[in-house]
Amino acid sequence: MKKCVLLVLSMLSFASMAQKKKAATASPLEAEKQAMIGNLDKRFDEYAKISKQIWDYAELGYMEEKSSLLLQEQLKKEGFQVQAGIAGIPTAFVATYGAGKPVIGILGEYDALPGLAQEATPEIKPIPNQKGGHGCGHNLFGTASVAAAIEVKNWLQKSGKPGTIKIYGCPAEEGGSGKVYMVREGYFNDVDVVLHWHPSSANAADASTSLANKNAKFRFKGIASHAAAAPERGRSALDGVESMNYMINMMREHIPQDTRIHYVITKGGEAPNVVPAYAEVYYYARHKDRAILQSIWKRIENAAQGAALGTGTKVEWEVLGGVYNLLPNVTLATLVHQNMQKVGGVMYNDEEKKFAEKIAETLGEQKQDINNAAKIKNFTDASESATSGGSTDVGDVSWVVPTVGLGTATWVPGSSAHSWQSTAASGMSIGQKGMIVAAKTLAITALDLMNDQATIDKAKAEWLEKRGGADFKYEALLGDRKPALDYRK
């Protein structure tokens with residue numbers, strides 16, 4: 001018995017010595033990474049509080065006054081120089097710390113979605129009289145990006161090394177194309193690499209693309225009349241909208257099958273007994289190839305004109321947004337994946353497990369093992385195909401500077417974005433834990449790039465090749481219009 005005890009003690013002593021030796025032989029850079037990770041753990045409660053405050057604000061696109069200001073104040077307190085109201089957008093900002101190269105940018109978002117006001121509970125419980133909710137987790141997005149930028153700032157300050165960190169406050173990602181105006185005005189021209197992330201139901205850092213998107217409101221004008229006593233005198237604007245929708249729905253058979261077209265009728269009339277003199281429909285079209293998207297969009301415009309001609313109405317449209325597909329970068333994505341593996345996934349406590357299990361029961365066929373939140377997905381190079389049916393204005397950024405992103409399990413595995421389930425998780429500790437995983441991964445990736453010009457050069461070479469060489473010229477899909485600041489009003 002005494003020999004067994006001595007053997008165990010000897011083994012424990014050996015393991016302890018091995019750990020100390022490993023720590024002693026770890027590179028200075030790895031030690032600095034671990035320090036960043038530890039600092040973010042220590043400040044978890046602080047950043048959780050900020051994210052919850054933005055979740056409570058739930059401000060829609062271009063109306064994120066409180067959310068934007070809260071993040072700006074945090075950055076100013078940390079010593080960043082903040083330039084607000086950039087690119088003609090009151091709620092956009094860029095905050096800068098440091099000097100010289102390399103220049104690393106981090107994107108942050110904070111707009112909510114309309115119609116998703118939901119309490120942070122595992123059952124459907126809408127918040128009365130609240131217009132929006134954070135069903136895409138942008139309350140977490142902006143906070144984590146700020147947290148990561150602060151850690152990089154602290155490292156620059158402590159090390160005294162050259163380098164610049166920029167955090168971009170990006171409003172109205174949800175359909176408002178906020179970053180497009182920032183790109184168009186040249187705010188990314190001096191940046192070497194841009195980092196971003198997005199809330200998700202899984203932890204992954206794939207090299208993947210997305211769908212280019214163009215959207216507009218089509219406004220039909222007709223002639224009002226009594227719908228029963230004198231219908232022949234009227235010309236229904238709603239007929240124009242419905243005729244356009246009918247033609248678009250027939251067109252679906254004759255366009256590439258990976259196209260996405262969706263719409264909502266935002267104005268259909270005031271009363272059944274009045275022929276509507278005004279009606280409006282809001283259209284989105286998406287495809288991974290911008291050229292194909294543009295050709296499809298022209299057919300949508302033709303359908304609108306045909307509908308107006310056939311119904312005796314008039315139509316005009318306003319392009320509200322347009323974004324490029326993401327230009328993936330395998331070099332950078334590989335680096336982010338490696339760092340995410342070091343950080344690890346999201347571990348639930350007992351209370352969070354109960355919350356997650358209740359959410360999982362509402363997901364039907366999409367239900368997954370809640371323990372997947374702790375796992376990191378294997379790296380995938382899907383750079384030639386769209387692995388997401390969604391679109392993002394990060395796409396435009398990626399065509400003017402090498403860009404890379406990641407997703408973390410801020411939602412219960414299996415949850416969909418833009419759902420009550422994702423809104424609920426974004427407002428409590430499950431979302432906040434995923435947020436800190438993202439902040440850690442962004443921070444240590446930025447640290448790598450600050451110390452590795454060779455990786456930046458390799459990423460730039462890949463980026464130049466994929467975008468078509470140095471002759472590429474960026475042109476915004478939404479043209480030269482001013483920001484659509486009222487698109488959510």
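**Helices α2 and α13**

The crossing of α2 and α13 is right-handed; a crossing is called right-handed if the near helix is turned clockwise from the far one by less than a right angle, and left-handed if anticlockwise. The model under view is predicted, so local features are reported only at pLDDT of at least 70 and side-chain atom pairs only at pLDDT 80 or more, whereas totals for chains, interfaces and linings use all residues. Residues are numbered from 1 along each chain as its sequence is written, and side-chain values use heavy atoms, with hydrogens and water left out.

Select α2 (residues 28-42) together with α13 (residues 429-450). Helices (H or I, at least four residues) and strands (E, at least two) are DSSP runs numbered from the N terminus. The axes of α2 and α13 lie 10 Å apart, and the packing angle is about 150°. Axes here are lines fitted to C-alpha atoms, for helices over the stretch in contact, and angles run from 0 to 180 degrees between N-to-C directions. The pair α2 and α13 is therefore roughly antiparallel; angles over 145 degrees receive that description, those under 35 count as roughly parallel, 65 to 115 as roughly perpendicular, and the rest as oblique.

Display side chains next. On α2, Leu29, Glu32, Lys33, Met36, Ile37, Leu40 and Asp41 meet Ile436, Ala439, Lys440, Ala443, Ile444, Leu447 and Asp448 on α13; contact means heavy atoms within 4.5 Å. This contact of α2 with α13 comprises nine nonpolar, no polar and five charged residues. In this classification Ala, Val, Leu, Ile, Met, Phe, Trp, Tyr, Cys and Pro are nonpolar, Asp, Glu, Lys and Arg are charged, and the others, Gly among them, are polar.

**From α13 to α9**

From α9 the contact takes Leu332, Leu335, Val336, Asn339, Met340 and Val343; from α13 it takes Val437, Lys440, Thr441, Ile444, Thr445, Asp448 and Leu449. By class, eight residues of the α9 contact with α13 are nonpolar, three are polar and two are charged.

Move on to Gly345, in the loop between α9 and α10 (350-360). Leaving aside residues up to four places away in sequence, Gly345 touches Asn203, Ala373, Ala374, Ile376 and Val437.

**From α2 to α5**

Return to α2 and select α5 (residues 138-159); their axes come within 11 Å and cross at roughly 135°. That angle makes α2 oblique to α5. The residues in contact are Glu32, Met36, Asn39 and Leu40 of α2 with Ala147, Glu151, Val152 and Trp155 of α5. They divide into five nonpolar, one polar and two charged.

**The six-stranded sheet**

Select the open sheet of six strands, which runs in the order β1-β2-β6-β3-β7-β15 with mixed pairing. Two strands pair if DSSP finds at least two bridges between them. At the edges stand β1 (81-84) and β15 (403-404), each with a single partner strand, so one side of each has no neighbour in the sheet. Strand β7 (residues 193-195) runs parallel to β15, joined by two bridges; Val194 has Thr403 of β15 as its bridge partner.

Helix α4 (residues 65-77) packs on this sheet, touching β1, β2 (93-99) and β6 (163-170), and its direction makes about 15° with that of β2. Helix α5 also packs on the sheet, touching β2, β3 (103-109) and β6, with a direction at about 155° to that of β3.

Finally, select residues 215-305, where UniProt (unreviewed entry) places the feature "domain: Peptidase M20 dimerisation". UniProt positions follow the numbering used here, feature names are shortened, and annotations may be inferred rather than shown by experiment. The span is 34% helix and 27% strand, and its end C-alpha atoms lie 16 Å apart.

Which strands form the open sheet of four, and in what order? The order is β11-β12-β10-β13, with antiparallel pairing. The edge strands, β11 (260-267) and β13 (314-323), each pair on one side only. The twist from one strand to the next averages 20°. Seven antiparallel bridges link β11 and β12 (residues 278-287), and Ile265 stands opposite Val281 in β12.

Helix α7 (residues 237-251) packs on the sheet, touching β10 (212-221), β11 and β12; its direction makes about 20° with that of β12. Helix α8 (residues 290-311) likewise packs on the sheet, touching β10, β11, β12 and β13, and its direction makes about 10° with that of β10.
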